[in-house]
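User: Hi! Could you walk me through this one? I'd like to see it before we talk.

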Amino acid sequence: MRRTGSLTAVLTCVGLLVSPAAGDAGPQRITLQTAFAPDRLRTPTTIQFGFHVLSANPGQVPSPVTKMSLDLPAGMGLATSTLGLAQCPPATLIEQGLAGCPASAQVGIGTAEAEMRVEHEILDESATVHALLGPPAGENEQVLFYVEAITPVGAQFVFPGVILPASGRYSGRLDTTIPLIPTWSEGPNVSVTSFSSTIGPRGLTYYRHLKDRFVPFHPRGIAVPAHCPRGGFPFRADFTFLDRTRATATSAVPCPAPHPFGR
Amino acid sequence: MTLAILIPAATGTASVATPSGGAKPAARTARTVSLTETGRLHSTNGSGVTIDERGRATGTYDCAITVHLTILSANRVTAAFTVSPRGGTISGTGSARFVAKGANGYFGGTISIARGTGSYRHASGTNIGISGIIDRETFNLTVHVHGTIRV
């Protein structure tokens, strides 16, 4: 019997491509979804990304993801956005949760779903995801993903992502290490089957202290480049699993339709 | 024949009056200038990975300045600049490390002079230090320049 959880972020699913790592069929299959909101050239946007994991063997729980690297399209205006005007230390986030961090440290929101096998049942777990800017990791920006699961296993955990420079078709790489999530002593690890998050202002509100009050505002998003490459804006994600297999998935946000008035 | 040597203070260029009445450049004395500048600029266009800035520089020269910033990555920027002191322009390029911290971005690196016009057509200089702060919301930019140039 499968019991399902709730809420999954709605993503525009475009250009799906499933591709196991070269030379390795791998028992996991990955699909990657990406979108811009809004989807217009030269416009500050929110990047939406997500992935689904399936075991190649029907009815099996996939091996847990332990690493994910997401390459972002070249020319994205990450540095000209006003996301992450504050930082949240990981220790504060772990001890106090979101309430301990400034609102202007948030850079994205999302959801996750997971599975765990308990005897002959596969249980589903749902969680909310918040992305926050953490202190830099050396010379690189660090994003902290705060995941809060409620049922049937209540847990909160934090995993870091580092923004690394990239080149060629990609402007940067979000490199994350995902911890194993045990259920109970000697129990199975939870396997993430879908994960989605945004990087951008959609759904976020920052506050500015002016005189004796706090004024809400929305941060500036990540600018979409002025020119769209042939085939759309490319994303690429590489995954490593607990069983040491790897998989790669690519996706592309299609070039936006020309404005009817030529702008 | 009377030899008349004129040495304008700004350029150090000497000219010699010839019997035919025409003047032609002769020996030119380049000057070394210890450059200290502070520029305050505002954005005229900022999108994607480029920001155009315009403002005033004060210090060794008081003049207009324009800067074209390109954000190469989350921690590296390049810049192309033009300053317009009286008598000409000086242009160049540079690169700097960039760190975003809170509401500001901080950068530090070096620039080099690529070319000059008018009185500064022989301008040169490398490894000129540059540092500054950019407001991430408004893109208002304060930049400090220090080094040695030859004009």
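Analyst: Happy to. One term first: two residues are in contact if their C-beta atoms, placed from the backbone, lie within 7 Å. Also keep in mind that this is a predicted model.

User: Got it. With that cut-off, how many residues of chain A are in contact with chain B?

Analyst: On chain A, 18 residues are in contact with 15 residues of chain B. Strands β8 (140-149) and β9 (155-165) of chain A each supply at least two residues of the side that touches chain B. By type, that side of chain A divides into nine nonpolar, six polar and three charged residues.

User: And what does the model score for ipTM and pTM?

Analyst: The ipTM is 0.72 and the pTM is 0.80.

User: What about pLDDT in chain A?

Analyst: The average for chain A is 85, and 88% of the residues score at least 70. Over residues 1-25 of chain A, though, the pLDDT is below 50; the model still gives this stretch 59 contacts beyond near neighbours in sequence.

User: And what's the average for chain B?

Analyst: Chain B averages 82, with 81% of the residues at 70 or above. Its residues 1-21 stay under 50, and the model has 31 contacts for them beyond four places in sequence.

User: Okay, folds next. How many helices and strands does chain A have?

Analyst: Chain A has one helix and 16 strands. Of its 263 residues, 40% are buried. If you take the contacts in chain A with a separation of 6 or more, residues 24 or more positions apart account for 65% of them.

User: Which residues have the most contacts inside the largest nonpolar core?

Analyst: L132(A), V143(A) and A237(A), in a core of 85 residues. In soluble globular proteins, nonpolar side chains tend to be buried together.

User: Pick V143(A) for me. What does it touch?

Analyst: Leaving out residues up to four places away in sequence, V143(A) touches V107(A), A131(A), L133(A), G134(A), G161(A), I163(A) and L174(A).

User: Switching to backbone geometry: which peptide bond is cis?

Analyst: The one from A37(A) to P38(A) is cis, with omega near 0°. P38(A) lies in the loop between β3 (28-37) and β4 (44-55) of chain A. R42(A) has its place in the loop between β3 and β4 of chain A too, and R42(A) has a positive phi of about 60° although it is not a glycine.

User: Why does R42(A) count as partly exposed?

Analyst: Because R42(A) has 14 C-beta neighbours inside 10 Å, and partly exposed falls between the limits of 12 or fewer for exposed and 20 or more for buried.

User: Where is N127(B), the one with a positive phi of about 50°?

Analyst: N127(B) sits in the loop between β9 (104-118) and β10 (128-135) of chain B. It is not a glycine either. With 10 C-beta neighbours inside 10 Å, N127(B) counts as exposed.

User: Back to chain A. How do β12 and β13 pair?

Analyst: Strand β12 (residues 206-210) and β13(A) pair in the antiparallel sense over five bridges, and H209(A) stands opposite F214(A) in β13(A). The two strands form a hairpin with two residues between them, and K211(A) in the turn has a positive phi of about 55°.

User: How many of the five residues in β13 of chain A are buried?

Analyst: Zero; strand β13 (residues 213-217) is hardly covered.

User: Last one: where is P179(A), and what is it in contact with?

Analyst: P179(A) has its place in the loop between β10 (170-177) and β11 (191-199) of chain A. Setting aside neighbours within four places in sequence, P179(A) is in contact with F157(A) and F159(A). P179(A) has 13 C-beta neighbours inside 10 Å, so it counts as partly exposed. The C-alpha atoms of P179(A) and V65(A) are separated by 8.5 Å, with the two residues 114 apart along the chain.

Key
Residues numbered from 1 in each chain as written. Chains lettered and ligands numbered in written order. Predicted model: local features only at pLDDT ≥ 70, side-chain atom pairs only at ≥ 80, totals over all residues. Helix = DSSP H or I, 4+ residues; strand = E, 2+ residues; numbered from the N terminus. Pairing = 2+ DSSP bridges. Nonpolar A, V, L, I, M, F, W, Y, C, P; charged D, E, K, R; others polar. pLDDT = per-residue confidence, 0-100. Core = buried A, V, L, I, M, F, W, Y, C linked by C-beta atoms within 7 Å.
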